[in-house]
Each structure stands twice: as structure tokens, then as C-alpha cells.
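Reader: I would like to learn how to read a structure feature by feature, with the general idea before each case. Could we go through one together?

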Amino acid sequence: MASHDGVDHLPQLSAAPPFPVDYNDEKVAGRALEKRHSSDSSLGVQLEAASDDDEETVFVNGEPVIRTGRDVSRYLIDARDDGDPAVTFRSLFIGTVSAGLGAALCQIYLFKPVQMPVSTVFLLLLIYTVGIAWAKYIPRKEWVEGTRLAPLGPLFHFVNPGEFQIKQHVISSLVASTAAYGSAAVSNFAVQRLYYDTNVEATTAVLATFSTACFGYGLVGLLRPLTVYPSGMVYWGVRPGTNLPLALHLDSKANAKRLQFFWTAFAGMFCFEIIPSYIFPLLNGFNIICLATQNAPSDARDVITNLFGGANGNEGLGFGGISLDWQYIGSQFMSYPLIQQANSWIGYAICYIAIMGIYYTNAWNSKNFPMLSSSLFAQNGTLYNQQFVYGDTFQLNETALEIIGLPAITGSNAWASLGANLSIGGLIAHCFFFWGPDVVESFKQARAKTQPDPHWQVLNKNYKEVPWWWYTTLLAFSFFAGLIVVFKGQTTLPWWSYIVALILGTLVTPFSTLLYARMGNGITTNQLMKMVAGAVNPGKPVANLYFSMWSHDIVSTSIGLAADLKLGQYLKIPPRVMFLTQIWGTLLGALVNYVVMISVVDAQRDILLDPRGTNVWSGQYVQSLNSAAVTWSLAKQLYGPHGPYICIPLGLLFGVVPTAIQWAIAKRWPVVGGVRVDSVVLPIIYMCSYWMSVGVTSVIWSSIIVGLVSQLWLRQYHPGWFKKHNYILGGALDGGAQVMIFVLSFAVFGTSGAPRPFPAWAGNPAKGNVDYCNGNGALE
């Protein structure tokens, strides 16, 4: 599936539920129930009292259905603050070790056919188990009081201060999850290693990763009144990371059952995952159409494979396929609100139609190339010899270009680029038209310190905020670190272009963060960065890589770190502790990413360079980075007025106009056909309309089913079970699958040596695609 940034609920969610509700019955039930408000007795801070919005809260079996940011603040998260210590040797040690695991998993998945996030719920529960055991079994100060070892009491207390409390748990988890975000700089180094035979020097690697990560963090610190403080900035993806620590530490009576449930599900998935991922890979993309048409004519098999195949990388669109491989399904759809998922379904439908239509109408000469691929091709369909065109200087040789000709991309790749630009245009327009008033109001509240969010009120009263100059100082250090890389590293990037990249990332960050905060997922904005890079650095693909790295990594890092700041606000982590913790996790993660990247690239180089890859390894992510860098370095020839891909840059404008029209309609007719007009989020639809342009695509239908079961059936009809078990189950399944993949990656998949494939049998065919869709010469 296409790689992406990350979105959640609309600002006016309180006015419209994301699913049909019979208000006549639910209002009566809601009024009959006493509203439950959590409070902190020591501070006298109470969640907002009942207001007009209470009438919109829906209750099922006495449990509120969580739909809006205000619902989350009122009913889902306790506003108490026990004032327990956050930073201890134990919390930092456990967090650092867990960060190594999280960062390694993150980097491994960048070289998979589907890029999956590391489960924060799994990390939370793993850390909780280790922390509880540490507190119980490591010697404590009390054990040696009154004995000859009493002088060692302070040392024992330093190592084991006693109960493993909620803030220590959260700090450990934040270090680990921050490290697991990944680093755009490390991905760039992988591209240089694969396509330009350049081994980036250690100094360049360290300074570049520090610059990209910490500049984004400095920026999000300045934007926190807009992107963190308000209740509407929910960051739905952090809800499991918020609810679970509260449940584990504040409701200890039920902990034994929760942990038993988690570890049972974890163990079950850990044992099961080896079956679809190694022993029986047919289960990753079971499609009855593929199995029933093996003897069809060759031309028919090609069409069937393109539409229904999807278990192997870049095989086909996976229409109707069912996957049982949880490493690719994941629990994200157990967190995304149903309104966001409904928008994505529209995008998926468009994707099937668009990519098949583009290929079979031969748009952009699509039939000369594979239907799905992110590689660069010559006009005759062979892989493009970019080394001949750019040489050892990594700059365009006009004479060589005339000899070899312009590169080409597949129709699906062109559609993905167009869809990305439509998303960016739609995102900017959506933020401006639909969310503009909320932005202004958030800054006014922050300046006057009247922000109504109860969790922010507790945090602001109890702890010192991080001074603005901390963030500006971090920005300054990050800027100069990057400047050293530009002057001393192998970047070919002019200093002034570096500054343009930072300005561009700074301008885009608020828009992307707003969308992610409200919708729980986001859209790919790096296409815009690549376009600008090509305009300011013509003929320099490596310079474009670094331009995109700085401009885009600011955005992606800001989103992740803003989500962590929101988690800290929900759980009352002192802001200054958050500041230091996140920097440590970010730098630690980049180091582990770099080590794992070198290991995988060196061991799997040929597969990562292959346009298709396998069902285990794929270079689609680094291929797309390289393809974009090369093609946008030829922006005038390829994307200019007379170029074959002129419509791609125009997608920015095409994305703005429909959203402006939608806003005008929403002002005049808020509801059309029973659907609120503002609940249609065009940027998400555009993004999902190219979701199957690369990678393993057989997981889409399984992901939809998981989302419906969780967010429709459980959330609406069994909200009590949903609140207690939904995220624990998702984290357990993610953790079990990802730990098994971590083990298999080094044991049999060849992360650090030769792979050891499972013996061939019917569920693991020796030839062709594992789902038996064997068109397009798969058996040759």
C-alpha cells in the first residue's frame, strides 16, 4: 500500500455523530443518567459541567458513546493528578531498552511490502509487565534497613524506588514510542547506499538526523497552543496510550484480568503469525477468483491478476482478497473513527477504478511498464540507467540524457503523485475554510490562558510550562547542525535551498498536524516538497532527496511529537520532562534506525532494487524516494507545460477547488440526503484513491472488516466492552505479530544474512505468486 503521513475528527463533530443515531430514544436515556465527571480533589479542578452539548452525548447501556473531543475529555480520561514522580533510573532504563526494539521494528517495516507502525499499546503493556516485575523483585531500600547493607539503601532506592507508578510507565512508553517513529534522514541514507553507491559518513548521519528530528520538535513546541491544548485536538491514535495506563494504574482490581487477556491474545497471535508469514503465505491473500481461474487463457489471467491478485508485492489491486496476516492488517482501523473510515472506503473504490482505467486505456503509456511499481523505467520498459545520466557527481549530464532519453514512471505511480497533490490542495483548503475560526479561537484562548480543556487546566496549574526560548534554542541548534551537513556532507544542496526547505516544512506543518489531530490519520505532504525541490534544484537528484528530507521530516516529526505532547497533557506529565524525554527518544531511535538500515540494505540489496520485490521484502519505499528525486530533478522536461505529467503539479489547484465548493454548499445546505456535508473529508478520499498503487494490497478488505467490527459493532452496541478491551486486544495482536516478525526477520528472512525459505508446498508455492494469480509472466 502507498506510504502516507498519517488524520481524526472534524471541528464540528459535536454537531454530527459519525453514524446514524435515533436521538429521540438516546436523549431520553442521556437525560435520565447522571453525568459522571472526574475531578482532582487536591486542585478542585473538575471536568466541564453539563452544558448544551450534553444533550448531544449518546448513551448505550449506561455508557457514553465517544464521538467528539469534548466527550473524550469528559468521559474517557480522568483529570486527576497524583503528583507522582515521572523520571527515575528505572523509567529511563526500561524506556531506552524498549526504544531499541521499537526503532528496530520500525526500520524493518520500511523494507516490507506494507509499511506498518509499531504498536504503542504493545510497548505500553510490555513496559508495564517489566516495570511491575522490577518493582517486585529488584532489591529495595526497605529490604536492607537495619542490616549491614543499610549504607547501600540509597543505591537500592535509586535503582528501585518502589511502586511502578503511572508517570514512570508513561515516560518509559514515550521514550520507546518516540524512537519508533522512524527517521526520514535514515531513509535518505538507504537511497544513497542503494542507488548512488554512497556510504554516508557518520558525522553527516548524526547531524542530519539531529537536525531533521529536533527542528520538527522545536516547531511543534511553538504551535502547541493550536495543535495540542484544545479539547478538539484529540489525536485519536493516542487514545489507547492514554486509556490503558489509566486503567492499569487507577483500577488495579481489574488488572489481573486485563493482563491475562492481553498476554493470552499476544501469545495466540505470536504463535499464529508464523503461519501466514512463513509457513502458509497463501493466507496473506486468499482470493477465490485467483484459485478458480488458474487455467484461464493467458490474456484473461493477466487481467485477473491485475485486479484480484495482491498477496505479493506490486502484484495487483487485491480486489476481494482476504488476508489473515495481522502484521499487515494491524489495529489502526480499531482506532480510526468510523467517519474517517467511511471516507477512506470512497477513496478505495476510486482507486480500483482509476488504476485499472489508467492501465487499460494506456494513459502515460502504462502498458509499457508493470501496472504497479514505484521504480524508474526507460521508455522501452527496462529499468532506467540513472547512473549513466547523473554519474559520480550526482548532477545531470545533458549529453547522457539525450542519449538515453527521459525516464518514465508507471501509470499507477503517476496517479499516486496526482492523488498526493490533490490531497495537499484539499488539506490546505479544508483547514482554511472549515477550521479557520477554530484556529483563531485556540490562539486567543492560549494567550489569555482561558483554554477550557480540563486536562490542560490541571497541567497548567500544577507544573511549569516549557519556556518558549527552550524551543527557539532547539530550533537554532537544529538549524546550524543542518547547515554543517549542507557544507560538509555529500548532499549537493546549496545553503539557500536548505533554508527554503525549512521554510516550506514550517508552513505545511500546521495544516498536517491539524488534520492528524482531528482525524487520527493524515495525508502525504511530501509530494509538495518534491515539487519545490525540483524547481529550486534542477538536475540534482541527491540535493532533492535532502531538500525533501528536511522539509517533509519537519512535518512528520511534528505530527508524532505533537501526539506525544497531547498524551502528556492527558496524563499530566510535567512539560519540561516531556521536552527532555522526547529529544532522547528521537535521537536514540535514529541511531537504531541507522544500524538496522545498513544491515537490511547490505543483506537484501538485490531484492530492494527489484521493481516487484517479494512478499517478505520490498524496496518500494526507497524506490519511490529515488524515483521522485530523479523525476523532479527533470521537472521542466517531465512536469512542465509540454511534459507528459503536467497534470500532476496542477493537482494542487484541482484539490483546492472542490473543497471550496463543498464549503459553499455546507454553508447553504449543511445536510444533504441525511449526510452532513462537512463530514465528507476530500483530502482523505484523495489520499485513499491511490492507496493500492504499490505493495501488498490483499489486506484492504480485511482491514475494512476489522474497522467495522470495532468501530461500528463494538463501539456503538457494546461500548463498555469496547472501552475496556478494544485497544488492549489491538495492541496484543499487533505486539504478537510484530515480535514474531522481528524474530523471523533475523532468523529466516535474511535481515543480517542469507534467507532460509520454508519448503515449498501448496500453501507456499515454489513458483509464481503465493495467491495463485499467475498472470503477467509470474510462472516464467
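Predicted model: local features only at pLDDT ≥ 70, side-chain atom pairs only at ≥ 80, totals over all residues.

Reader: Is Thr557 buried or exposed, and which residues does Thr557 touch?

Author: Buried means under 20% relative accessible area, exposed over 50%, and partly exposed in between, with a 1.4 Å probe and protein chains only. Thr557, at 13% relative accessibility, counts as buried. Contact means heavy atoms within 4.5 Å; not counting residues up to four places away in sequence, Thr557 touches Thr212, Ala213, Gly216 and Tyr217.

Reader: How is Thr178 placed, and with which residues is Thr178 in contact?

Author: Thr178 belongs to helix α7, residues 166–179, and is buried, with a relative accessible area of 4%. Leaving aside neighbours within four places in sequence, Thr178 is in contact with Leu561, Asp564, Gln582, Gly585 and Thr586. Distance along the chain and distance in space can be read side by side here: Thr178 and Ile583 are 405 residues apart in sequence and 8.5 Å apart in space, C-alpha to C-alpha.

Reader: How many helices and strands does the protein chain have, and what share of its residues is buried?

Author: The protein chain has 31 helices and 6 strands, and buried residues make up 61% of its 780 residues.

Reader: What span should helix α26 have at 1.5 Å a residue?

Author: The expected span of a helix is 1.5 Å times one less than its number of residues. For helix α26, with 14 residues (620–633), that should be 20 Å, and the end C-alpha atoms are 20 Å apart, which agrees. This helix, α26, is mostly covered, 13 of its 14 residues being buried. Helix α30, residues 700–717, has 18 residues and reaches 24 Å from its first C-alpha to its last, close to the 26 Å expected; among its buried residues are Ile700, Val706, Gly707 and Leu714.

Reader: How many disulfides are there, and which cysteines form a disulfide?

Author: A disulfide is a pair of cysteine sulfur atoms within 2.5 Å, and by this rule the count comes to 1. Cys290 and Cys773 form the link, with their sulfur atoms 1.9 Å apart, and with -85° about the S-S bond the link is left-handed. Cys290 lies in helix α12 (residues 288–292) and Cys773 in the segment after α31 (719–747), so the pair ties together parts that are 483 residues apart in sequence. Cys351, by contrast, is in no disulfide, the nearest cysteine sulfur, that of Cys688, being 8.9 Å away. As for cover, Cys290 counts as buried at 0% relative accessibility, and Cys773 is buried with a relative accessible area of 2%.

Reader: How many salt bridges does a search of the whole structure find?

Author: A salt bridge is a side-chain nitrogen of Lys or Arg within 4 Å of a carboxyl oxygen of Asp or Glu, and the search finds 6. One of them joins the side chains of Asp602 and Arg193 (3.1 Å, N to O). This pair links distant parts of the chain, with Asp602 in helix α24 (residues 575–603) and Arg193 in helix α8 (residues 184–195), 409 residues apart. Asp602 is partly exposed, with a relative accessible area of 47%, whereas Arg193 is buried, with 14%.

Reader: What distance, N to O, goes with the salt bridge of Asp197 and Arg605, and where do the two residues lie?

Author: The side chains of Asp197 and Arg605 meet at 3.0 Å, N to O. Asp197 lies in the loop between α8 and α9 (202–227) and Arg605 in helix α25 (residues 605–609), so the pair ties together parts that are 408 residues apart in sequence. Asp197 counts as exposed at 58% relative accessibility, while Arg605, at 27%, counts as partly exposed.

Key. Residues numbered from 1 in each chain as written. Heavy atoms only, no water. Helix = DSSP H or I, 4+ residues; strand = E, 2+ residues; numbered from the N terminus.
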